[in-house]
Amino acid sequence: MTKQKFVKIYSLSLLVPFLLMVYPLFSLGNRATPFVLGLPFSIFWVIFWIIITFIIVLFLYRIDPDKDEEEVN
Amino acid sequence: MGQWQIAMIMMIGYLFVALLIGVLAGRKQDKSSLEEFTVAGGNLGLFVMWFLMGGAVFSAFSFLGAPGWAFSRGAPALYIITYTAFAILPWYIIGPKIGKIGRKHNIYTVSGFLQKRYTSRILAMLIGIITLLASIQYLATQMKGMAYIFNIMTEGRIPFWLGALLSYGIVVVYVATGGLRAAAWSDVFQGILMIVISWTVGLTIVNQLHGSIPEMFSNLTKSNPGFLEIGVEGSTMSPMAYTTTILVSTIGFLMWPHLFSKSYATNARTIKKTVLVYPVFALFLIPLLFVGFSAVNVIDSSQIGSPDEILPFLITTVLSLPGWVYGLVGAGALAAAMSTADAITHSASLEFTDGFVRNVKKDLSSKATLLIMRIGVFIIGGLAYFITVFGGQGLIALLLGAYGSIVQFAPGVYAALYSKRVTAPAVITGLIVGTLVNYYFQLVAETRPLDIDAGILGLICNVALVILISSFTQVKELPIAEEYRKIGS
């Protein structure tokens, strides 16, 4: 995979959870009920997607073609 | 021994340890090296880096302001954890690139970065001045937090001016002597302390007031319908305001010079790994929001001066907690404020020296530059202290305006990284107009079009001008522009 392609994948796959955090898509999560794990749905929604984001970044790092690049100056 | 005495002893003990760590970290390093002072030799490790970036987010705002938002506004407080989790993500891509450009051209600031690319002294000087004013505002907020904590936890025995002087004085000393490395290692200590304290104290408060978290929320949704939602009857913020607040904080985050410049302080791999574990910091903030929610319907907002006082008020007045909890919370809040204040003081001095002083008085040796930066730490500290203690309405408005203007750096920075067509006059005009628009809607206008955040309104004008003016000011090919675009991509 080339570097440019990775940047594209990185940006797009993290844009998705971000868009779920803001309007118009946040309206999906914007409700007090049902409660999940003791949390109102809106709060659960935000925390849930932050955890998913964390997992996505972990995965992206694994496929990063340059993650072991040594500095060449 | 009274509770306030235990608290005071713990907080002073904390300050002493913070000073010790800061000074020790800077020891044995080359004191005459500009590179050591500005970017810690470019070799900070992952552990330190993580806390350095995290400490900057955990500020007095998160410790006092986040519970305040949750208490007074409900669901809109979720914007805080949302932007904390997402704002760091672009750094994975742009951080290594900025770092490479910096190492190649010996750059350690935002103003240096833009000056090189756009070959414009005016731009660098503008960035230097805006950063200075914005940083002083930021510092004044932190200092107010520190002084306030000292005051309330010792039940008024340590006056406002002394609390601010004590805690911020220590920051100034270790930053001026040890530079970035000292700030970084104190942030590690302070970061760990804050995380432990926010979880233990946060959950204790919720349990004492409501029994458990689910119980708290079910009471809250019954008694205040709409409080935990956005843009419905009973909620405190419109969808547009919520969305644009998140956007402006997310875009602006990395434009803050103290975060931007960390790209120079380490290698690409450490930057990537820092981003990797960073969203966890957002989760650390959750208990602080819960503290705010737990106080709704328990405390009447007329009982406290401002919502930001809710956490200390709960601890000292409402709950019967032992003195050592006072001390812990005091130390945690001090740590939050100090770990932000050290990074800001450091970067404000760097930006102003590099962007402004060096362009007014050229041919400064690196030894003289270093000396000016060290002295700058004291001057900036003094200015911020003066403003915190004595105030002054006109001045505060000016600083607030600058604070909101940091996000206006974004078009110039991203264009430098990814476009070779954008020109200096375009970026300068965009920056000035964006700043003025932001200033107008933040401080002068009564209402905003469509309830859009002032910073975003400024940014829209800024981007439009950058594109428009670039299209007819391009005269010749700039080799450096092509080089910036090519490095690391």
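Visitor: How many helices and how many strands does chain B have?
Guide: This is a predicted model. In it, chain B has 23 helices and zero strands.

Visitor: How compact is chain B?
Guide: Its radius of gyration is 22 Å, close to the 23 Å that the globule rule gives for 489 residues, so chain B is as compact as a globular protein of that length. Along the principal axes, the C-alpha atoms of chain B fill a box of roughly 70 × 55 × 45 Å.

Visitor: Which domains does the assignment give for chain B?
Guide: The domain assignment gives domain 1, residues 3-404, and domain 2, residues 407-489. The C-alpha centres of these two domains of chain B lie 26 Å apart.

Visitor: Let us turn to α6(B). At what angle does it pack with α13(B)?
Guide: The angle between α6(B) and helix α13(B), residues 268-277, is about 160°, and their axes are 9 Å apart.

Visitor: Why is α6(B) called roughly antiparallel to α13(B)?
Guide: Angles over 145 degrees count as roughly antiparallel, and therefore the angle of about 160° makes α6(B) roughly antiparallel to α13(B).

Visitor: Is their crossing left-handed or right-handed?
Guide: The crossing of α6(B) and α13(B) is right-handed.

Visitor: Which residues make that contact?
Guide: From α6(B) they are W91(B), Y92(B), G95(B), P96(B) and G99(B), and from α13(B) they are A268(B), I271(B), K272(B) and V275(B). These residues divide into six nonpolar, two polar and one charged.

Visitor: A change of topic: how many residues of chain A are in contact with chain B?
Guide: In chain A there are 31 such residues, in contact with 34 residues of chain B. Helices α1 (3-21) and α2 (41-63) of chain A each supply at least two residues of the side that touches chain B.

Visitor: Which element of chain A gives the most to that side?
Guide: That is α2(A), with 10 residues. The side of chain A that touches chain B has 19 nonpolar, seven polar and five charged residues.

Note on methods
Residues are numbered from 1 along each chain as its sequence is written. Chains are lettered from A and ligands numbered from 1 in the order in which they are written. This is a predicted model: local features need pLDDT of at least 70, side-chain atom pairs count only at pLDDT 80 or more; totals for chains, interfaces and linings use all residues. Two residues are in contact if their C-beta atoms, placed from the backbone, lie within 7 Å. Helices (H or I, at least four residues) and strands (E, at least two) are DSSP runs, numbered from the N terminus. Ala, Val, Leu, Ile, Met, Phe, Trp, Tyr, Cys and Pro count as nonpolar, Asp, Glu, Lys and Arg as charged, and the others, Gly among them, as polar. Domain bounds come from an automatic or database domain assignment. Axes are lines fitted to C-alpha atoms, for helices over the stretch in contact, and angles run from 0 to 180 degrees between N-to-C directions. Angles under 35 degrees count as roughly parallel, over 145 as roughly antiparallel, 65 to 115 as roughly perpendicular and the rest as oblique. A crossing is left-handed if the near helix is turned anticlockwise from the far one by less than a right angle, and right-handed if clockwise. The radius of gyration is taken over C-alpha atoms; the globule rule is 2.2 Å times the number of residues to the power 0.38.
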